[in-house]
Amino acid sequence: MIQPQHFDEGLAAKFAANKSIVLDNFLDKEIAEDLYEFLNVRMPPDWWFAQYKNQGSNKDGYNKAQMLRRTPENEQLIQFELEKCHYSNYKNFFSFMFDRTTTHVKGCTCDICEFEKALFTTTFFDLISSISSTQITHKNEFFASKFTAGQFIAPHHDLNKGKLGFVLNLTKSWRPHYGGLLHFLTDDYKHVTKVVLPEFNKLTLFHIPEDGGIPHYVSPVNPGVQLNRISFTGWLS
């Protein structure tokens, strides 16, 4: 499932230098293509939920976030809440909106659930442990996400989410000026240290310090963009 070139002891030094690493062509091409097609075409639209936060203290983090199922009846309300998220971001509160999947029923055999079972094995955990020089034994959270026009995540850290965070991008034909870019920041949130373009079959792995996560954000997808910024997001311990 995972491309063999990533089982390279030299990757640990690269991760240590920046506390993050980007791995191109992470999965076997056929698996990545099938996941892309499922999330963009075959998955029922109402399996997506618009998750958002547009009020409350920055200290709340992801707490108090709300979700609306992606149905025609909810579209107008979702857009209204998105406008509120942008205003909250302007006022420097932690705010966001993106579409995501939720936990499926036990025994589900859809492509997402089958991929989750196949990915999170001893082989995967040993690989991530080797790259990060951190003992990793399990996942804390895992879901598919989709960013469409206007959606974003304001600057934040992932403290208390786990030891490591990762994003596996499954987006095709994305260009930098479309927005939706992952930005890493200095600890004071004032300067960008790295920008990651959401390219197909690319894994971004990053360290979450115990005394405070690495600040980062996803810039808003620009109006008029018709493509979906698709990825899997997870946290590991």
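The side chains of Lys 161 and Glu 141 meet in a salt bridge with an N to O distance of 3.2 Å, a salt bridge being a side-chain nitrogen of Lys or Arg within 4 Å of a carboxyl oxygen of Asp or Glu. This pair links distant parts of the chain, 20 residues apart: Lys 161 is in the loop between strand 6 (152-156) and strand 7 (164-169), and Glu 141 is in strand 5 (residues 139-147). Helices (H or I, at least four residues) and strands (E, at least two) are DSSP runs, numbered from the N terminus. Glu 141 is partly exposed, with a relative accessible area of 24%; buried means under 20%, exposed over 50%, and partly exposed in between (1.4 Å probe, protein chains only).

The model is predicted, with local features needing pLDDT of at least 70 and side-chain atom pairs counting only at pLDDT 80 or more, while totals for chains, interfaces and linings use all residues. Residues are numbered from 1 along each chain as its sequence is written, and side-chain values use heavy atoms, with hydrogens and water left out.

The count of salt bridges comes to 12. One of them joins Glu 114 and Lys 117 at 2.8 Å, N to O. Both residues lie in helix 4 (residues 111-119), 3 residues apart, about one turn of the helix. Glu 114 is partly exposed at 34% relative accessibility, whereas Lys 117 is exposed at 54%. A further salt bridge is formed by the side chains of Arg 42 and Asp 34 (3.2 Å, N to O). Arg 42 is partly exposed, with a relative accessible area of 39%, and Asp 34 is partly exposed at 35%.

Two asparagines have a positive phi although neither is a glycine: Asn 92, at about 70 degrees, and Asn 201, at about 65 degrees. Asn 92 is in the loop between helix 3 (75-90) and strand 4 (96-100) and is exposed, with 62% relative accessibility. Asn 201, in the loop between strand 9 (192-196) and strand 10, is buried, with a relative accessible area of 3%.

Met 67 lies in strand 3 (residues 66-69) and is partly exposed, with a relative accessible area of 39%. Leaving aside neighbours within four places in sequence, Met 67 is in contact (heavy atoms within 4.5 Å) with Phe 49, Ala 50, Gln 51, Tyr 52, Arg 100 and Thr 102. Met 67 and Met 97 are 30 residues apart in sequence and 9.3 Å apart in space, C-alpha to C-alpha.
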